[in-house]
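Thanks for sending this one over. Here are my notes, point by point, to read alongside the model.

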2 protein chains.
Amino acid sequence: DNVSPTLDISDPYANDPKRHPALRVNSQRPFNAEPPPELLTENYVTPNPIFFTRNHLPVPDLDPDTYRLHVVGAPGHQSLCLSLDDLYKFSKHEITVTLQCAGNRRSEMTQIKEVKGLEWRIGAISTACWAGARLCDVLAQAGHQLSDTEAHVCFEGLDCDPTGTAYGASIPLARALNPEAEVLLAYEMNGQPLPRDHGFPVRVVVPGVVGARHVKWLGRISVEAEESHSHWQRRDYKGFSPSVDWDTVDFDSAPSIQELPVQSAITEPQDGETIESGEVTVKGYAWSGGGRAVIRVDVSLDGGLTWQVAELDGEEQSPRKAWAWRLWQLQAPVPSGKKELNIICKAVDDSYNVQPDTVAPIWNLRGVLSNAWHRVHVHVAP
Amino acid sequence: DNVSPTLDISDPYANDPKRHPALRVNSQRPFNAEPPPELLTENYVTPNPIFFTRNHLPVPDLDPDTYRLHVVGAPGHQSLCLSLDDLYKFSKHEITVTLQCAGNRRSEMTQIKEVKGLEWRIGAISTACWAGARLCDVLAQAGHQLSDTEAHVCFEGLDCDPTGTAYGASIPLARALNPEAEVLLAYEMNGQPLPRDHGFPVRVVVPGVVGARHVKWLGRISVEAEESHSHWQRRDYKGFSPSVDWDTVDFDSAPSIQELPVQSAITEPQDGETIESGEVTVKGYAWSGGGRAVIRVDVSLDGGLTWQVAELDGEEQSPRKAWAWRLWQLQAPVPSGKKELNIICKAVDDSYNVQPDTVAPIWNLRGVLSNAWHRVHVHVAP
Ligand SMILES: [Mo]
Ligand SMILES: [Mo]
């Protein structure tokens with residue numbers, strides 16, 4: 001084509017970082033990509049280079065020496081202007097947390113009816129060990145208390161669009177100030193400084209909550225009476241009835257997505273594969289929002305008529321703080337005489353919430369919250 | 001028949017209270033009954049006489065003057081022996097809470113395959129305004145703190161079986177000590193002393209949690225390293241895969257039910273009814289456990305092909321403390337030319353959890369957690 005090999009300085013994405021070639025790219029500008037299923041559950045903790053990447057804007061190139069995080073003070077208190085060294089002085093907290101994009105598995109919704117959004121398959125989810133300062137400690141230093149239980153903590157990224165509008169999102173103040181909710185201002189990801197694609201030098205990590213609130217390249221924190229006025233808080237990342245279309249949608253009628261519902265997917269075998277007869281190994285992940293633990297994964301080899309209980313691997317999670325996924329597997333005989341199998345998985349969390357059977361009744365115009373049973377069709381080698 | 005009109009003193013149920021004739025009785029001894037659908041959603045707060053009743057044992061007849069609640073003290077602290085007057089001295093707390101039996105809607109599971117349990121229809125759920133002392137205040141007075149985050153608070157009822165075994169259950173200490181969880185030792189129900197069937201003089205109310213933990217006729221509270229050893233905590237009120245039967249069940253493999261999943265049902269029209277053509281009004285209830293608010297109810301008149309959003313009535317619930325149900329209704333034209341309608345409802349909570357489409361994949365041997373879409377088939381008058 002007509003693309004110049006020299007750096008196009010008018011291209012705001014020209015300075016984006018290099019990415020791992022194994023990633024499946026859903027969008028180059030902004031960069032959005034997911035690991036392929038066979039890599040996704042190869043490790044309990046996802047290696048940084050293949051952690052799913054969801055960018056809304058060009059990746060800022062921030063100098064760690066001059067980086068400052070502004071924290072607006074409570075009435076009567078001074079605001080904070082924190083360097084990285086200042087942030088390191090807060091007690092360091094380390095937790096393993098799974099992040100999931102609200103649009104994970106959107107491609108299955110698209111098969112029902114067109115939606116607006118990136119074509120994520122099952123890989124818009126990954127797990128890392130995050131380390132940083134606790135948001136509650138930083139907010140306390142700025143004088144904030146839970147005086148208004150309905151207030152919100154607003155985050156602004158240092159990524160911005162050509163008009164200068166930054167990415168933004170918010171979470172309830174009650175969650176931000178609750179030490180048990182373990183909200184972090186993370187500066188490490190799996191023992192390394194955050195990669196640029198994941199928010200270098202500082203991002204928010206909100207365990208159990210949709211990825212969209214884990215603001216990257218964090219520049220500013222403030223406590224407000226209302227949710228962030230950001231487009232991504234108010235006009236996106238909300239769920240609606242399948243009957244709602246772009247002519248009738250009222251974004252104010254639905255709450256912003258915070259905690260996510262129970263989710264699972266099969267990473268092995270993959271759709272369309274041919275498996276050997278004899279025994280089949282089915283593998284996948286399962287996770288739920290809000291710190292709810294996955295207590296069981298059921299797998300069917302016959303399209304949902306009968307079910308077998310999978311073995312849960314990975315780390316047992318603490319009650320109320322089950323922030324990370326469980327990997328699971330099932331080894332089972334291939335039913336004899338079958339030329340194909342319809343494999344399904346469904347997870348149950350510790351509130352005994354389950355996934356819905358089918359995707360059409362949860363279809364929504366933005367294609368978010370796609371958590372129906374995951375189905376994989378395979379052929380059996382003769 | 002052969003029943004004697006004189007009091008049979010060998011019958012432990014002979015002293016049970018009189019009940020309201022509108023209740024649909026599922027079992028007389030012990031007494032278990034639910035209000036009919038048309039009464040269930042007539043009021044946002046269920047009148048005491050028709051509040052669903054789930055007794056496991058005969059109703060004790062307790063004297064309020066000699067009643068004592070024993071609270072085992074923390075190490076180094078004295079135990080408490082509280083009269084009703086002592087309990088009244090704690091700050092009085094009042095909240096509206098929906099209680100639901102784990103077996104609500106079990107009769108729909110029975111239609112798939114036999115289960116062990118009472119044949120509850122959609123009425124094993126009701127709402128009351130409860131008042132009493134906060135459990136966290138009483139535990140604090142007995143010296144308890146959240147020193148062991150994995151400990152449990154065990155409750156014993158004063159109801160017991162012929163061998164002297166009392167009803168018992170437990171909840172995590174973390175919930176019991178969290179003032180935001182609002183666990184009550186209730187002595188009032190809708191402004192009245194508790195009726196005998198609902199625990200006179202004192203019962204536990206655990207907002208957002210399955211009815212089985214709301215121990216009635218409360219006699220004893222202790223803090224233990226483990227869950228209650230009661231049959232009802234350890235060998236009942238747990239969920240299993242549909243593949244598990246009574247020969248293979250391992251009760252230790254599943255967590256006790258605490259928070260319940262999202263639920264809804266249609267109370268009007270009722271299954272088999274004939275409705276007028278023109279316009280139909282569909283009414284029902286929706287609720288979710290763990291303080292999660294119901295944010296939407298979808299109703300289908302065509303068996304799930306298309307959906308309309310119902311209007312939510314009743315009191316808007318606080319975030320994280322949505323303890324009570326929402327009643328809802330939809331007024332919609334009856335699709336012309338239809339001789340019958342398959343009406344369905346499904347609810348969404350604020351973690352965007354949804355109900356599963358069908359009941360067979362959530363079937364379990366005890367018939368608990370029956371929360372699939374509720375379906376009602378009606379005829380349209382010509
Ligand atoms: Mo996202
Ligand atoms: Mo129950």
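**Notes on the model**

1. Let me start with the rings. Over all chains, the structure holds 18 aromatic pairs. One of them joins A:Tyr167 and A:Trp232, whose ring centres are 4.7 Å apart with 40° between the planes, a tilted arrangement. A:Tyr167 belongs to strand β9 (residues 166-172) of chain A and A:Trp232 to helix α6 (residues 231-234) of chain A, so this pair ties together parts that are 65 residues apart in sequence. A:Tyr167 is buried, at 4% relative accessibility, and A:Trp232 is buried as well, with a relative accessible area of 13%. Please keep in mind throughout that this is a predicted model.

2. B:Trp246 is partly exposed because its relative accessible area is 38%, a value between the 20% and 50% cut-offs. B:Phe251, with a relative accessible area of 8%, is buried.

3. Two lysines in chain B place their charge over a ring. The charged end of B:Lys113 sits over the ring of B:Trp363, 4.3 Å from the ring centre. B:Lys346 does likewise with B:Trp307, its charged end being 4.6 Å from the centre of that ring.

4. Now for the salt bridges. How many does a search of the whole structure find over all chains? The search finds 34 salt bridges. In one of these, the side chains of A:Asp11 and A:Arg29 meet with an N to O distance of 2.4 Å. A:Asp11 is in the segment before β1 (24-27) of chain A, while A:Arg29 is in the loop between β1 and β2 (32-34) of chain A, so the bridge ties together parts that are 18 residues apart in sequence.

5. A second bridge in chain A connects two strands. A:Lys346 and A:Asp298 form a salt bridge in which the closest N and O atoms are 2.8 Å apart. Strand β21 (residues 340-349) of chain A holds A:Lys346 and strand β17 (residues 294-300) of chain A holds A:Asp298, so the pair ties together parts that are 48 residues apart in sequence. Are the two partners buried or exposed? Both A:Lys346 and A:Asp298 are buried.

6. In chain B, B:Asp16 forms a salt bridge with B:Arg19, and the closest N and O atoms are 3.0 Å apart. B:Asp16 counts as buried, at 12% relative accessibility, while B:Arg19 counts as partly exposed, at 22%. Chain A also contains a network: salt bridges that share partners join A:Arg175, A:Glu259, A:Arg292 and A:Asp349.

7. On to the interface. The size of an interface is often given as the accessible area lost when the parts come together. Between chain B and chain A the buried area is about 2900 Å², and carbon and sulfur atoms give 52% of that area. The contact takes 40 residues from each of the two, chain B and chain A. How many salt bridges are there between chain B and chain A? The count is 0. Polar contacts do occur there, with 19 residue pairs between chain B and chain A. On the side of chain B that touches chain A, strand β17 (residues 294-300) of chain B gives the most, with 3 residues.

8. Last, a histidine. A:His144 is found in the loop between α4 (135-141) and β8 (152-160) of chain A, and A:His144 counts as buried, at 11% relative accessibility. Its side chain reaches the backbone oxygen of A:Val72 at 2.8 Å. Leaving aside neighbours within four places in sequence, A:His144 is in contact with A:Val72, A:Gly73, A:Ala74, A:Leu139, A:Leu177 and A:Val223.

Terms used: Residues numbered from 1 in each chain as written. Chains lettered and ligands numbered in written order. Predicted model: local features only at pLDDT ≥ 70, side-chain atom pairs only at ≥ 80, totals over all residues. Heavy atoms only, no water. Phe/Tyr/Trp six-rings, centres within 6.5 Å; stacked < 30°, edge-to-face > 60°. Helix = DSSP H or I, 4+ residues; strand = E, 2+ residues; numbered from the N terminus. Buried < 20%, exposed > 50% of the residue type's maximum accessible area, 1.4 Å probe, protein only. Lys NZ or Arg CZ within 6 Å of the ring centre and 35° of its normal. Contact = heavy atoms within 4.5 Å. Buried area = accessible area lost by both parts, 1.4 Å probe. Salt bridge = Lys/Arg side-chain N within 4 Å of Asp/Glu carboxyl O. Polar contact = N/O pair within 3.5 Å; in protein donor to acceptor, adjacent residues only side chain to side chain.
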